[in-house]
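Here's a quick briefing for anyone meeting this fold for the first time. Have a look at the sequence and the model, then read on.

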Amino acid sequence: MSAWGSCKARTLYRALMNMGWSLKREAKGSHRVLERGGYPDYTFAFHDGDEIGPRMLARVAKHTGLKPEHL
């Protein structure tokens, strides 16, 4: 069983901002490029209302250092 549940993209984005990620630039459409020291840039490509499932949250966590308690 996964430690990840599901959440809305706006909740995920807010959690990343609270972790120290910042908006580097906003690309076309819903793509936002985030930056944080010690990590490569991460392209956040979700609309605010999208439901993000456990598998995608685990993938995001692998690239950003996100943990279930951050949500």
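Helices here are DSSP runs of H or I with at least four residues, strands are runs of E with at least two, and both are numbered from the N terminus. Bear in mind that this is a predicted model, where local features need pLDDT of at least 70, side-chain atom pairs count only at pLDDT 80 or more, and totals for chains, interfaces and linings use all residues. Residues are numbered from 1 along each chain as its sequence is written, and side-chain values use heavy atoms, with hydrogens and water left out.

**Helix α1**
- The buried residues of α1 are Ala9, Leu12, Tyr13, Ala15 and Leu16; buried means under 20% relative accessible area, exposed over 50% and partly exposed in between, using a 1.4 Å probe and protein chains only.
- Looking down the axis of α1, those buried residues fall within an arc of 160°, so they line one face of the helix (the arc is that of the directions from the helix axis to the C-beta atoms).
- Their cover includes β1 (7–8), β2, β3, β4, β5 (51–52) and α2 (54–64), with contact meaning heavy atoms within 4.5 Å.

**Aromatic rings**
- The whole structure has 3 aromatic pairs; rings of Phe, Tyr and Trp (its six-membered ring) pair if their centres lie within 6.5 Å, and planes under 30 degrees apart count as stacked, over 60 as edge-to-face and the rest as tilted.
- Tyr13 and Phe44 have ring centres 5.3 Å apart and planes at 55°, so this pair is tilted.
- That pair connects distant parts of the chain, since Tyr13 sits in helix α1 (residues 9–18) and Phe44 in strand β4 (residues 42–44), 31 residues apart.
- Both Tyr13 and Phe44 are buried, and ring pairs link Tyr13, Phe44 and Phe46 into a cluster.
- Trp21 and Tyr39 also make a tilted pair, at 5.4 Å centre to centre and 50° between the planes.
- Trp21 is buried, with a relative accessible area of 3%, whereas Tyr39 is partly exposed at 32%.

**The sheet**
- Three strands form an open sheet in the order β2-β3-β4, with antiparallel pairing; two strands pair if DSSP finds at least two bridges between them.
- β2 and β4 stand at the edges with a single partner strand each, so one side of each has no neighbour in the sheet.
- β2 and β3 are joined by 4 bridges, and Leu23 has Leu34 in β3 as its bridge partner.
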